[in-house]
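Walk through this model with the structure open beside the text.

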Protein chains: 2
Amino acid sequence: MNKYRILVDAMGGDNAPDEILKGVVMAYEKLDKKSVELSVVGDEKSIERKLNKISRRAAKNIHIIHASEVISADESPAKAVIKKQDSSIVRGVTLVGTKEYDVFISAGSTGALLAAGHLILGEVRGLTRPALGVMYPLICQNKAALLLDAGANANCKEENLLDFAKMGSIYMEEVMGVTSPKVGLVNNGAESNKGNNLTKATFKLLKDSKLNFIGNIEARDFPHEDVDVIVADGFTGNIILKLSEGMAIGLLKEIKRKFLEGNIAKLAALALKSKLIGLKDELDYREYGAAPILGLKGGVLKMHGSSDASAVCKSIEKAIPFVENKVVERLAKAMAENIGELDE
Amino acid sequence: MNKYRILVDAMGGDNAPDEILKGVVMAYEKLDKKSVELSVVGDEKSIERKLNKISRRAAKNIHIIHASEVISADESPAKAVIKKQDSSIVRGVTLVGTKEYDVFISAGSTGALLAAGHLILGEVRGLTRPALGVMYPLICQNKAALLLDAGANANCKEENLLDFAKMGSIYMEEVMGVTSPKVGLVNNGAESNKGNNLTKATFKLLKDSKLNFIGNIEARDFPHEDVDVIVADGFTGNIILKLSEGMAIGLLKEIKRKFLEGNIAKLAALALKSKLIGLKDELDYREYGAAPILGLKGGVLKMHGSSDASAVCKSIEKAIPFVENKVVERLAKAMAENIGELDE
């Protein structure tokens with residue numbers, strides 16, 4: 001049996017490299033060494049020293065690929081990718097392109113990952129644009145839907161949104177095992193005549209497609225909507241993701257603050273603490289692992305920028321079924337087969 | 001002293017006319033009859049019968065203006081306004097235009113209110129587009145910011161967003177008494193190079209303006225952001241408003257469900273019930289009353305579509321300072337004075 005070869009960007013994200021490396025070691029200790037090979041890419045000397053501090057045994061077994069440069073969040077992504085050929089992101093994506101690794105996981109700049117993906121790997125046949133797909137928890141439904149694009153394309157056309165809907169449907173069907181996934185379009189009203197120019201045009205394309213399009217969904221209805229694929233342009237998708245995160249954190253914080261006013265309340269709050277923590281975990285989309293950039297000819301997963309060690313570990317664990325299920329290949333195949341068919 | 005003349009659309013919204021009329025009667029009973037004159041517009045016979053059922057005394061004192069037609073949410077707004085000249089919305093806005101009423105409050109179609117406002121009242125001098133301004137609670141800041149546009153303009157250009165920022169600043173300064181209001185632009189990243197085409201162009205305009213522009217704000221930071229005016233295009237603003245509402249309702253529902261599992265938890269939850277209700281009220285932007293359509297040459301307030309009697313009552317109460325403070329006139333004056341000045 002071949003090993004699943006997972007490469008992690010040690011240099012990307014707010015907590016790099018320390019939390020990333022801790023997370024990699026955590027994953028190393030948890031995972032089956034016979035089936036998974038873990039490597040990191042970044043500044044070799046610094047990584048080696050840090051890994052040895054965390055665990056000598058893990059340090060021996062985690063392979064380090066040297067990259068002397070780092071692409072930061074405030075750089076122009078395309079320029080940075082072209083200029084910094086020895087950056088961890090360019091190295092990582094390249095090693096996926098050459099099939100030396102099955103998947104590259106990074107908490108670095110989404111823009112740079114996309115630019116590298118576009119320039120080095122390219123898009124699957126028949127696709128206008130790749131998209132970042134994030135599993136979005138539907139609070140009252142006890143399930144999650146794939147939200148895409150969650151931030152790869154700030155400016156979109158209706159053809160792109162149609163592609164996102166197709167990729168989302170294929171992903172949910174092929175990978176998550178959902179039969180005939182329900183596709184909803186994020187809009188400013190449920191009625192079919194609502195929307196801005198983009199969503200109005202997209203509505204028509206989706207209605208005429210062979211997808212299981214259930215119509216517009218209003219953001220108000222997300223928590224209790226029975227939907228599998230949530231389609232939006234990358235700007236809107238990003239706002240949805242971040243606002244949901246901010247609201248959940250903010251609300252739980254406020255509840256905690258309120259509950260700690262007064263002694264009886266304090267006692268009562270103590271009794272409910274575990275339930276609140278449980279809810280927090282359910283709401284945390286990091287629980288679902290890193291988000292795939294769907295549509296690239298290679299496995300690239302984007303972790304949350306503020307990922308800590310446990311989020312990194314979770315992302316590595318969840319990357320295994322991504323590789324195991326051959327998501328990249330199956331998506332490419334289905335997209336190629338569906339060209340024309342889904343459009344009719 | 002002149003009376004404040006308030007006109008309410010009896011026919012608009014999900015719960016019209018029953019909840020609207022109940023709310024009007026509630027307000028009638030609360031308000032000072034010497035300073036406020038309350039009227040409703042809609043189907044006279046049906047309203048008269050219903051009002052009499054609720055309160056004979058109130059029915060005698062609430063004036064009814066007959067309108068035989070209703071504009072529904074799924075009609076094309078501009079067409080409906082032109083075609084249905086005897087609709088409650090067209091009648092209501094017209095009576096504000098003729099100065100027979102100081103303000104018109106409706107839970108009906110935002111699009112129709114805007115179209116009627118545009119055709120009948122017109123925009124204040126120097127303005128490209130009016131906007132719906134909603135007081136948005138910043139959960140962890142114990143204050144609210146004016147979010148605009150909250151849904152009037154689904155398609156916007158950067159000039160429109162600059163106008164929204166100006167109107168928002170004037171409103172917060174003149175009406176809410178905030179000195180040098182902080183203006184933030186909703187964006188998909190905090191860095192100044194982030195955004196889609198629209199927000200990138202808007203960023204430049206805001207940066208070059210004389211407004212107190214604090215830069216991009218990410219949706220994740222809304223709960224704890226110290227900002228007074230939140231600027232977005234009407235599509236994005238609408239998503240923000242509805243998602244916040246949906247998240248708050250969904251989360252509190254989930255918390256309630258979780259807290260009711262198990263007996264100790266049930267007892268504890270009981271002790272905390274009042275605190276949760278308090279939080280729910282704080283989060284409810286209806287507490288701030290109806291949302292003004294800023295930039296029209298007349299007072300038009302939009303209530304939440306699902307307003308119940310108490311929301312209607314609250315909207316009427318909050319309309320009084322709107323009239324008292326001469327918001328429409330002061331905004332028009334300040335916009336005219338600031339033409340050029342703020343742009344430089």
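In which loop is the place of A:Ser209? This is a predicted model, and in it A:Ser209 sits in the loop between H8 and strand E9 (212-218) of chain A. The residue is buried, with a relative accessible area of 11%. Its side chain makes two backbone contacts. One goes to the backbone oxygen of A:Leu206, at 2.8 Å. The other goes to the backbone nitrogen of A:Leu211, at 3.2 Å.

Step back into the helix. Helix H8 of chain A covers residues 197-208 and holds A:Thr202. A:Thr202 is buried, and its relative accessible area is 0%. Leave out residues up to four places away in sequence, and A:Thr202 touches A:Glu158, A:Leu161 and A:Leu185.

Now look at helix H5 of chain A, residues 88-97. Is this helix mostly covered or mostly exposed? Mostly covered: seven of its 10 residues are buried. They are A:Ser88, A:Ile89, A:Val90, A:Gly92, A:Val93, A:Leu95 and A:Val96. Just after H5(A) comes A:Lys99, with a positive phi of about 65 degrees.

In chain B, turn to the loop between helix H4 (77-83) and helix H5 (88-97), where B:Gln85 is placed. The side chain of B:Gln85 reaches back along the chain. It comes to 3.4 Å from the backbone oxygen of B:Val81. A polar atom of the B:Gln85 side chain also lies 3.3 Å from the backbone oxygen of B:Ile82. Setting aside neighbours within four places in sequence, the contacts of B:Gln85 are B:Glu69, B:Val90 and B:Arg91. For a sense of scale, B:Gln85 and B:Ala58 are 27 residues apart in sequence, and their C-alpha atoms are 28 Å apart in space.

Charged pairs come next. How many salt bridges does the structure hold over all chains? The count is 28. Take A:Asp228 and A:Lys143, whose side chains meet at 3.0 Å, N to O. This pair links distant parts of the chain, 85 residues apart. A:Asp228 is in the loop between E9 and strand E10 (229-231) of chain A, while A:Lys143 is in strand E7 (residues 143-148) of chain A. A:Asp228 is buried, at a relative accessible area of 5%. A:Lys143 is partly exposed, at 25%. Both belong to a network of salt bridges that links A:Lys143, A:Lys182, A:Asp226 and A:Asp228.

A second pair in chain A is A:Glu174 with A:Arg330, a salt bridge with its closest N and O atoms 3.0 Å apart. Here 156 residues separate the partners. A:Glu174 is in helix H7 (residues 158-174) of chain A, and A:Arg330 is in helix H12 (residues 327-338) of chain A. Both sides are partly exposed: A:Glu174 has 34% relative accessibility, and A:Arg330 has 32%.

Other salt bridges cross between chains. B:Glu218 and A:Lys242 meet through their side chains at 2.4 Å, N to O. The pair runs from strand E9 (residues 212-218) of chain B to helix H9 (residues 234-259) of chain A. B:Glu218 counts as buried, at 11% relative accessibility. A:Lys242 counts as buried too, at 9%. Another salt bridge joins B:Glu245 to A:Arg220, with the closest N and O atoms 2.8 Å apart. Across the interface of chain B and chain A, the rule finds four salt bridges.

Which elements give two or more residues to the side of chain B that touches chain A? They are strand E8 (182-187), helix H8 (197-208), helix H9 (234-259) and helix H10 (263-283) of chain B. H9(B) gives the most, with 19 residues. By type, this side divides into 28 nonpolar, 15 polar and 13 charged residues.

In contact are 56 residues of chain B and 56 residues of chain A. The area buried between the chains is about 5000 Å², and carbon and sulfur atoms give 70% of that area. Between the chains, 12 residue pairs are in polar contact.

The same surface serves both copies, since 100% of the contact residues of chain B recur in chain A.

Definitions and conventions. Residues numbered from 1 in each chain as written. Chains lettered and ligands numbered in written order. Predicted model: local features only at pLDDT ≥ 70, side-chain atom pairs only at ≥ 80, totals over all residues. Heavy atoms only, no water. Contact = heavy atoms within 4.5 Å. Buried area = accessible area lost by both parts, 1.4 Å probe. Polar contact = N/O pair within 3.5 Å; in protein donor to acceptor, adjacent residues only side chain to side chain. Helix = DSSP H or I, 4+ residues; strand = E, 2+ residues; numbered from the N terminus. Nonpolar A, V, L, I, M, F, W, Y, C, P; charged D, E, K, R; others polar. Buried < 20%, exposed > 50% of the residue type's maximum accessible area, 1.4 Å probe, protein only.
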